[in-house]
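The entries follow in the order of the look-ups.

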Amino acid sequence: MISPSLMLALVAMMLVLGLPAQATARMAFEKLTDYDFAGTTYYSVKNLSLYECQGWCREEADCQAAAFSFVVNPLSPSQETHCQLQNDTSAANPTAAPQRSANMYYMVKLQLRSENVCHRPWSFERVPNKIIRGLDNALIYTSTKEACLSACLNEKRFICRSVEYDYNNMKCVLSDSDRRSSGQFVQLVDAQGTDYFENLCLKPTQACKNTRGFANARMGVSEEKVAQYVGLHYYTDKELQVTSESACRLACEIESEFLCRSFLYLGQPQGAQYNCRLYHLDHKTLPDGPSTYLNHERPLIDHGEPIGQYFENQCEKSAATSTGGSPGSPPGTLDKIDTLPVSLDTIEDPNLTNMTRNDVNCDKTGTCYDVSVHCKDTRIAVQVRTNKPFNGRIYALGRSETCNIDVINSDAFRLDLTMAGQDCNTQSVTGVYSNTVVLQHHSVVMTKADKIYKVKCTYDMSSKNITFGMMPIRDPEMIHINSSPEAPPPRIRILDTRQREVETVRIGDRLNFRIEIPEDTPYGIFARSCVAMAKDARTSFKIIDDDGCPTDPTIFPGFTADGNALQSTYEAFRFTESYGVIFQCNVKYCLGPCEPAVCEWNMESFESLGRRRRRSIESNETKSEDDMNISQEILVLDFGDEKREFFKADPSTDFAKGKFIDFSFNNLLLSLNL
């Protein structure tokens, strides 16, 4: 029990650290590498990226932890991922013992009272039951682990690089050293009941006390064996195409989306393939350290792909090592590709404007677009003018979250496409830089009214003359729908205007979405709380609210009755970032026809079958209605691409596998695998 005098000391220490007593709690995550905790999984999905898995947990209020694992295919150098969201986890229990689990990243949601919580996937790396001897800068007492981590982020007297928290004695130790600090002996030792944390909100320049550099990992294992293990068993945080090893090194040094600890350079670029991989891992992060690489076996089939050179972050190296130059270059120099001047010229070039407005540059809302391209040395500036104010977004296709501009009631706006890095995913081949830009009205979904432009800049490297080409692509192209096979009631069918079940449609086609039960049943059905969710991203769009009314009838109208079935006629749409779309509805039975809900939209009232029929005898109601959750997955092909060869025979896009319908009937749970 803490005495009053000690409590006063704690308050005084909080004031010294600059930690306000009523600071607003912010969401953050801690990550454990190759550890797993027991928990209750309420949703799981395969083949998500690490950051999609973590982002999904961030957006889900019920999610307390996310377990992300990947399995290496022994026949080829590929990874198959599995994301599990947990609404209950033992990671918050100090006495819970984690289990070792290879190729596992376990991420736990936290609430930290600090204004310095970073916008990175996780703020701390946690190592259970470990400490580093000595090297302590401050000792305070906090009632929770979260308060200790917040104190590290709020520390102003020194850069807090690591934390140790003793759960039993509530001791919080802050240090400006971590496992990578050199100049003194640093070793992790066992300490039951105390966890070690490393601050991952540091800026790249703060990763080391002194000079930060990169060198081949020397740990008693051959460099080739280490590089081969890294290529197969490290999860790639970011990959890009570079012209040299020094350019890959520089990309890791300046990376800001995560703290880059190592990189793998695969040699000179071959065509459009990426040859630089960045990682947040290094051998210090792995629980077994260098011995991890000793038991690694080569894949059963050697595809002849380059193994590459592996480099790790090392502290207190010479200045020549961390300059970013090529091997053999003088200290402090960079390759020519890294020293291009940055131009922020905003002067319009009248020769590049496109004042011709034809049908392809106008949409069905009557908005016409005058799109011009300005080719700069480090970016492609896409300038857009419209004949009337535009509301929506402009973004690079496939990078809607990292390369976008929100437009609010404006008739002139610009999007800058970076030519380097992956933020905008600009493609380059022998001096030709190209990208695809989307003009989208809705904030979440893509409709037929949206426009896509393929932009291109061609650079003559000898004379530095710059030209550009710009070609508008026709309206959103195709949607491929995999409907479920015929199954016991209920079922979903998607029909075209001729009442035929369809598998392939174009975006904007009128479709009939039906929820059906057999005609000879005495029950009626109604639907509410319907959500359209992106399969491969964390975006969702509620199409029917909890009362059974459509949230936006222009995207998805309300349900009407057709015999015992419910139907809604809508125009096909897809999400911005995902090929797969999941429709999910809550469906209940009524004894006889259900009473429709009365909805309002734009000051007009209409009916939608989303509310059950009220009955005078309440006891009959509880016996006659049954609750169901029904879902349907659809596959939406990327539009704007005239050729679809890359989707053929690709098992990763087979979203029809693993569909299910779960429903309860008089407390009897029946699961149907379709």
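**Sheet and threonine look-ups**

I first looked up L495 and found that its bridge partner in β29 is N512. The model is predicted, so I note that local features need pLDDT of at least 70 and side-chain atom pairs count only at pLDDT 80 or more, while totals for chains, interfaces and linings use all residues. Residues are numbered from 1 along each chain as its sequence is written, and side-chain values use heavy atoms, without hydrogens and water.

I then followed strand β27 (residues 491-495), which pairs with β29 in the antiparallel sense over five bridges. Strands here are DSSP runs (E, at least two residues), numbered from the N terminus, and two strands pair if DSSP finds at least two bridges between them. I also found R491 opposite E516 in β29.

Next I checked the pairing of β29 with strand β33 (residues 565-571), which is antiparallel over six bridges. There F513 stands opposite S568 in β33.

I noted an open sheet of four strands in the order β27-β29-β33-β32, with antiparallel pairing. Its edge strands, β27 and β32 (560-562), each pair on one side only.

For β29 (residues 510-516) I recorded six of its seven residues as buried, meaning under 20% relative accessible area (1.4 Å probe, protein chains only).

Last, I located T436 in strand β22 (residues 432-440). T436 counts as buried because its relative accessibility is 12%. Leaving aside neighbours within four places in sequence, I found T436 in contact with Y395, A396, L397, I452, Y453 and K454; contact means heavy atoms within 4.5 Å.

How values were computed. Buried means under 20% relative accessible area, exposed over 50%, partly exposed in between (1.4 Å probe, protein chains only).
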